[in-house]
Amino acid sequence: HGSEHSFPTRRSSDLFPDFVEKFNALLKPEEQIIPKQAGHLSTDLRIFALIRLGVTENELICSFLRCSKATVYAYRSRIRLKSLDPDSFDEQILQL
């Protein structure tokens, strides 16, 4: 399998060590996402880590994460609704 499209699950937290903390600050307190293991990002966190890296198109995100466009869209929509400011959520992610 070609690894050029695989997204690093372990090392992504090395790029932005405070990404999860800053990401959670954008969410309602009861909706914050806590990784099950330190350094391992859940699918929703991986999607938004890619967005933070500038990969904003669902087609590219789904190829990195090997999931469907519908899955990416559903995660993005669900998390946006859990945020404190859904209308500017994507822009806020880019500024983390």
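**Close-up views of a predicted helical model**

**View 1. Contacts of Phe 19.** Leaving aside residues up to four places away in sequence, Phe 19 touches Leu 45, Phe 48, Ala 49, Arg 52 and Leu 96; contact here means heavy atoms within 4.5 Å. The model is predicted, so local features need pLDDT of at least 70 and side-chain atom pairs count only at pLDDT 80 or more, whereas totals for chains, interfaces and linings use all residues. Residues are numbered from 1 along each chain as its sequence is written, and side-chain values use heavy atoms, with hydrogens and water left out.

**View 2. The largest nonpolar core.** This core has 22 residues, and those with the most contacts inside it are Phe 19, Phe 23, Phe 48, Ile 61, Phe 89 and Ile 93. Two or more residues each are given by α2 (19-25), α3 (43-52), α4, α5 and α6 (89-94). The largest share, six residues, comes from α3. A nonpolar core is a set of buried Ala, Val, Leu, Ile, Met, Phe, Trp, Tyr and Cys residues joined through side-chain atoms within 4.5 Å; helices are DSSP runs (H or I, at least four residues) numbered from the N terminus.

**View 3. Helix α3.** Gly 54, with a positive phi near 100 degrees, follows α3.

**View 4. The contact of α4 with α5.** Asn 58, Glu 59, Ile 61 and Cys 62 of α4 meet Lys 69, Val 72, Tyr 73 and Arg 76 of α5.

Note on methods. Buried means under 20% relative accessible area, exposed over 50%, partly exposed in between (1.4 Å probe, protein chains only).
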